[in-house]
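Here is a short briefing to read alongside the structure. Have the viewer open and take the topics in any order you like.

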Amino acid sequence: MSTHDDTQVPTRNPATPPTAAQTQEATMAQATTSNPISTRPAQSAHRDLSDTPASVLECEDVDVYYGQFRAVREVSLAFGHNEITALIGPSGCGKSTILRSLNRMNDLVEGARVKGSIRYWGQDMYADAVDPIEVRRRIGMVFQKPNPFPKSIYDNIAYGPRVTGMKVASMDDHVEQALTRAALWDEVKDKLKQSAYGLSGGQQQRLCIARTIAVEPDVILMDEPCSALDPIATARIESLMVDLRDLYTIVIVTHNMQQAARVADRTAFFTAGVDEETGDRTGVLVEFDRTSKIFENPADQRTEDYITGRFG
Amino acid sequence: MSLHTPATATRTARLGATGRSKERTPGSVIFLGLLWVSLLVAFVTLVVLIITTVAEGWDRLDGRLFTEFPSSRPAEAGARPAVLGSLWVVGATAVLAIPLGVATAVHLEEFADRRNWFNRFIELNIQNLSAIPSIIYGMLALGVLALFGVGNKNIVIGAAVALGLLILPVIIISTREALRAVPSELRQASLALGSSELQTTWRITLPAAVPGIATGTILALSRAVGEAAPLLLLGGLVFISFDPNGLLSGFTTMPIQIFSWTNAPQPAFHELAAAASILLIAILIGMNAIAIVIRNSHQKRW
Amino acid sequence: MSAIQSPSQAGVVTPGRPAAAPPGTEIARSSSRYGDRIVRLLLRAAAWLSIVITVGIVVSLLVPAVAFFREVPVLDFLTGTRWAPQFAEASFGVLPLVTATAWTTLIALAVAVPFGLGAAIFLAEYAHARTRRILKPVLELLAGIPTVVFGFFALSFVAPVVLNGWLDLGVGTFSILAAGLVMGVMIIPTVASLSEDAMSAVPQALRQGSAALGANRMQTSLRVVFPAAISGIVAAIVLGISRAIGETMIVAIAAGARAQIVSDPTMEGATMTGFIARMALGDSRVGSLQYDTLFAVGLLLFVLTMIVNLISIQLVRRFRQEY
């Protein structure tokens, strides 16, 4: 079960409390009865996951600071290749902060600093020789609110390949392919030259996903991509994520626990610890495991309190 | 001019929230009347100014104004060199000030570290420059011309330096406002696709800010069109009997020509001044109207 | 610190490390982006230009002014009451110019402050959105009228028709009063626009709180919004002062050319800017004392307006911080 022989992602806590098996036993009965969240259809949650998949991104002992303020503390996490990993937790627990440090979007915030190491295919992403622009090309991002450019649908998609200097045989085909993958092609193929602002919110968000796909990234980060959408649009994005999993590694931050349960292969639960001296709220990683395990049989009491609605 | 427009909804909400009867006390009615008077002072003056100018100059507003050179005989005098001079001067001013102003605004808004004392000093400096009397810029232009060893101060490029530096702060401030209005989500989306900050600025932020920049720039240029004071120092008030035809050409401009005619004792020249004023006011109203139309048609795009 | 518990990662299924990174995943710097660096350097240079401009202004004014003050002691310049730089028996006391500037500025403020603030209160507190959409552009248009046209208006209408005809004040062709009044109207948009911004920035909650106590809109405007926006309003007035001190064409056309201590606004009088404009038209030789006089007065003007501007900027910052 546990893979602590793996030296790449050491566990921070030497005094490991109860073993996994003990915790599992202790909480099993309770979890199955009191957990109100259905982990139903489980297109993904119950998917066969190897214990040691190839990890694309790894965080080791990551602290993120904004100026003097430490927003996130000692996070060690790995994101599996062609898997969907969800980051969940109450507001202010640092899950978005971690997400934004995964493609160096935090660099754009004045005073933001990352300590520890974040590796992409084993390469330290924050090393001096690394070009943050190159990082963002490989690791795309979809934002909370759909944010298409004030351009035509076509130009929204073509923008990325153009600015990154991608060699594309035919831009038209490339645009079509990206839109097809994002399940938007049929809806927009007749109005490619029209403004992206004419699309509905859900369509705009899929356009943003298509735009990200068009630069052929390796990883797609999604920061609460459905929080501004209605349930139908949300369902479409969710099924799109599951479809895209075979091609991309996906990391999603979500407020919606059901969403994590529905789409994510693995889930990391964060919470905010309050410093007694300063009153600062610092995000910490509580538990990281297969989604089914997190929702049915969490190892940590705090996780259980959160998913059963007793906290947060 | 600031373009601040608070939300309509809260305004109406406030109207509904206040009781009617208490608004009708004599004091309140008088107060509201005084507010109306305040507005009327401005508008009535504007209307009277336009009417008196038109009344005095209408008969003289004809083709001669464009085709004739200045003359000591009012009947034969025109503003042809002044019209051409204004075009040259304002054209050169635009070429000088717009790229510099936009570049400065882009640096300060998109790239500069706001916590750096030097950048804050630059901001303070620009705010101060925007309120320095215009005539001082004429003295600056004299200094610049002297620095380059130009003996003749009455050249188009000298006027363009004076007016360009005069409107530079205005362009910088309005461009910064326009850039600030572009949502940061667009910048982030572009950066997340792997474009550099410069590509983001050039292809996303600046195009999105174009309407705001255009509005501010047109208003700034309209100020340059109407400005006379700094050009007086550059020998703008000369009797020019040729067409200004280049950056090194001698010049006079419309406002200076008007000033010159208002100085003349004969009433006939005052008619000419009024006629040229009508023309100048029409041009400026036109520029203002274009700016307002651009602004209104692009409000609330996101 | 103690409250922050460490993650309990017991039983965590940790994904392992890939055997080898697939091709195309190198993220090391591919190019140094020299083009980007050059462009950003150019942008920075443009921003620095504004500093160069200020230095340029100071140098352009100081060099001739220093030459001037070698001939004329600073104290004589600042306290002298006779201004006659072009006479054979020249005298360089700047006070006549300063008093004329002070008068035109005061008269302009007497017009611009009440009417500008009245317009601002109306726009910020009373006007419907539609009314504002019409009124604000008209106000901006007033700000866009060239000052030379305002000057001509003062000369050809305000002085002869309004002051002499209607009010029978017996002013001459040129007068401080006509110039100051028209200048005041010219400054109304400046005062109105900035103070309206300040009042609009006052949070709605304050107005609702006041209305909830039974205050009517006048009371709310005067006792709640106005005091809350006071630093912005003062900044607007101070900026108006700066405008009035520096305004040139109106006074050059309508205030007259005679430099004298002004004791009565119906007199004519040369202001600092008016003197510079008139003097610039003359044919004084570059480097002569007369020519340098321009820059001495210009330097005084620059210093005065800069002090006023900095006060205004400080006040604006304060009210921006408050809300």
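What percentage of the 323 residues of chain C count as buried? The share is 54%, where buried asks for 20 or more other C-beta atoms within 10 Å of the residue's own, exposed for 12 or fewer, partly exposed covers those in between, and C-beta atoms are placed from the backbone. Please keep in mind that this is a predicted model: local features need pLDDT of at least 70, side-chain atom pairs count only at pLDDT 80 or more, and totals for chains, interfaces and linings use all residues. Residues are numbered from 1 along each chain as its sequence is written, while chains are lettered from A and ligands numbered from 1 in the order in which they are written.

**Chain C: fold and record**
- Chain C has 12 helices and 2 strands, taken as DSSP runs (H or I of at least four residues for helices, E of at least two for strands) and numbered from the N terminus.
- Along the sequence the pattern reads α-α-β-β-α-α-α-α-α-α-α-α-α-α.
- Among contacts in chain C between residues at least 6 apart in sequence, 74% join residues at least 24 apart; a contact means C-beta atoms, placed from the backbone, within 7 Å.
- An unreviewed UniProt entry places "transmembrane region" at several stretches of chain C, including 102-126 and 169-192; such annotations may be inferred rather than shown by experiment, and positions follow the numbering used here, with feature names shortened.
- Residues 102-126 of chain C are 100% helix and 0% strand, with end C-alpha atoms 34 Å apart.
- For residues 169-192 of chain C the figures are 71% helix, 0% strand and 29 Å.

**Where chain C meets chain B**
- In this pairing, 80 residues of chain C are in contact with 79 residues of chain B.
- Helix α1 (residues 34-71) of chain C gives the most to its side, with 18 residues.

**Chain B: record**
- UniProt, again in an unreviewed entry, lists "transmembrane region" for chain B at stretches including 129-149 and 272-294.
- Residues 272-294 of chain B are 100% helix and 0% strand, and their end C-alpha atoms lie 33 Å apart.

**Chain A: the sheet**
- Chain A holds an open sheet of 10 strands with mixed pairing, in the order β5-β4-β1-β2-β10-β9-β3-β8-β7-β6; strands pair if DSSP finds at least two bridges between them.
- β5 (123-124) and β6 (139-142) of chain A each have a single partner strand, so one side of each lacks a neighbour in the sheet.
- Strands β1 (residues 55-66) and β4 (residues 112-120) of chain A run antiparallel and are joined by 8 bridges.

Technical notes:
Contact = placed C-beta atoms within 7 Å.
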